[in-house]
Amino acid sequence: RSGTLLLDPSKTDMLGWQASLISFGSLVIGWVIYDQIWKSPLKHKPGLAAGILFGLFIAYANWIDGFFNGRFLYLQLGAMLGTTMAANVFFRIMPGQRQIMKNLMEGKPHDLEIGRQAKLRSMMNHYVTFPVIFLMLSAHFPVLYGDDHRLILMTIVVVCLAIIKWMMNLYKVFAEWLHVAIATFVLGVFA
């Protein structure tokens with residue numbers, strides 16, 4: 001049956017082309033939603049914006065878990081985050097850099113908002129690096145994606161990896177960063 005690499009036949013009768021359309025469409029729609037949130041007034045409240053995006057990410061994961069198999073669920077979530085990272089660089093960070101350099105060469109004043117937006121997008125890319133690596137490599141570990149609690153496991157691991165990345169950022173100002181990172185890792189592994 002077509003689509004068996006994407007779909008869980010015990011959950012759905014969806015055809016392979018429909019699953020492929022949802023998969024690809026979700027990457028595009030996910031980027032548009034993400035981009036619009038960071039263009040909205042929420043850009044001035046990055047913690048709230050990140051929380052909303054994470055909630056949407058988990059809701060999306062729960063939705064696609066209703067028809068995608070566990071392996072493809074993790075791969076799709078990794079692809080969504082990875083696509084967002086690449087689109088950040090291609091559509092926001094690099095064009096912003098080019099605009100700043102153009103203004104500089106023409107003697108125009110700096111538009112600080114361009115730099116703030118690029119920094120915000122770059123920071124988001126930074127924090128999702130470890131979760132993307134985990135989600136993309138998870139296809140090799142059926143103990144993760146094959147578990148009935150795969151969404152809970154994924155959520156715990158993604159949060160733990162983001163915390164570890166945060167602790168790595170604080171190593172110069174927070175002496176206990178390594179202890180917190182190790183404790184987070186251990187708690188994530190045994191959760």
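User: What do the side chains of R121 and D35 meet in?
Analyst: A salt bridge, at 2.7 Å from N to O. The term means a side-chain nitrogen of Lys or Arg within 4 Å of a carboxyl oxygen of Asp or Glu. The pair links distant parts of the chain: R121 sits in helix α4 (residues 112-137) and D35 in helix α1 (residues 16-39), 86 residues apart. Helices here are DSSP runs of H or I, at least four residues long, numbered from the N terminus.

User: Before we go on, what kind of model is this?
Analyst: A predicted one: local features need pLDDT of at least 70, side-chain atom pairs count only at pLDDT 80 or more, and totals for chains, interfaces and linings use all residues. Residues are numbered from 1 along each chain as its sequence is written, and side-chain values use heavy atoms, with hydrogens and water left out.

User: Back to R121 and D35. Buried or exposed?
Analyst: R121 is buried, and D35 is too. Buried means under 20% relative accessible area, exposed means over 50%, and partly exposed is in between (1.4 Å probe, protein chains only).

User: How many salt bridges does the structure hold?
Analyst: 9.

User: Which residue does E113 bridge to, with N and O 3.4 Å apart?
Analyst: K43. E113 lies in helix α4 and K43 in the loop between α1 and α2, so the bridge ties together parts that are 70 residues apart in sequence.

User: Why does E113 count as partly exposed?
Analyst: Because its relative accessibility is 25%. K43 is partly exposed as well, at 23%.

User: What about E113 and R116, what do they form?
Analyst: A salt bridge, with the closest N and O atoms 3.2 Å apart. Both residues lie in helix α4, 3 residues apart, about one turn of the helix.

User: Which residues are linked in a network of salt bridges?
Analyst: D8, K11, D65 and R150.

User: New topic. At what angle do α2 and α6 pack?
Analyst: About 155°, with their axes 11 Å apart; α6 covers residues 150-169. Axes are lines fitted to C-alpha atoms, for helices over the stretch in contact, and angles run from 0 to 180 degrees between N-to-C directions.

User: So are they roughly parallel or antiparallel?
Analyst: Roughly antiparallel. That label applies to angles over 145 degrees.

User: Last one. Which residues make the nonpolar surface patch?
Analyst: L178, I182, F185, V186, V189 and F190, over about 610 Å². Patch residues have over 30% relative accessible area and no salt bridge, and nonpolar side chains are joined within 5 Å. Areas come from the Shrake-Rupley method with a 1.4 Å probe. F185 is found in helix α7 (residues 177-190).

Key: Patches are made of residues with over 30% relative accessible area and no salt bridge: like charges are joined within 9 Å, nonpolar side chains (Val, Leu, Ile, Met, Phe, Trp, Tyr) within 5 Å. Helices (H or I, at least four residues) and strands (E, at least two) are DSSP runs, numbered from the N terminus. Angles under 35 degrees count as roughly parallel, over 145 as roughly antiparallel, 65 to 115 as roughly perpendicular and the rest as oblique.
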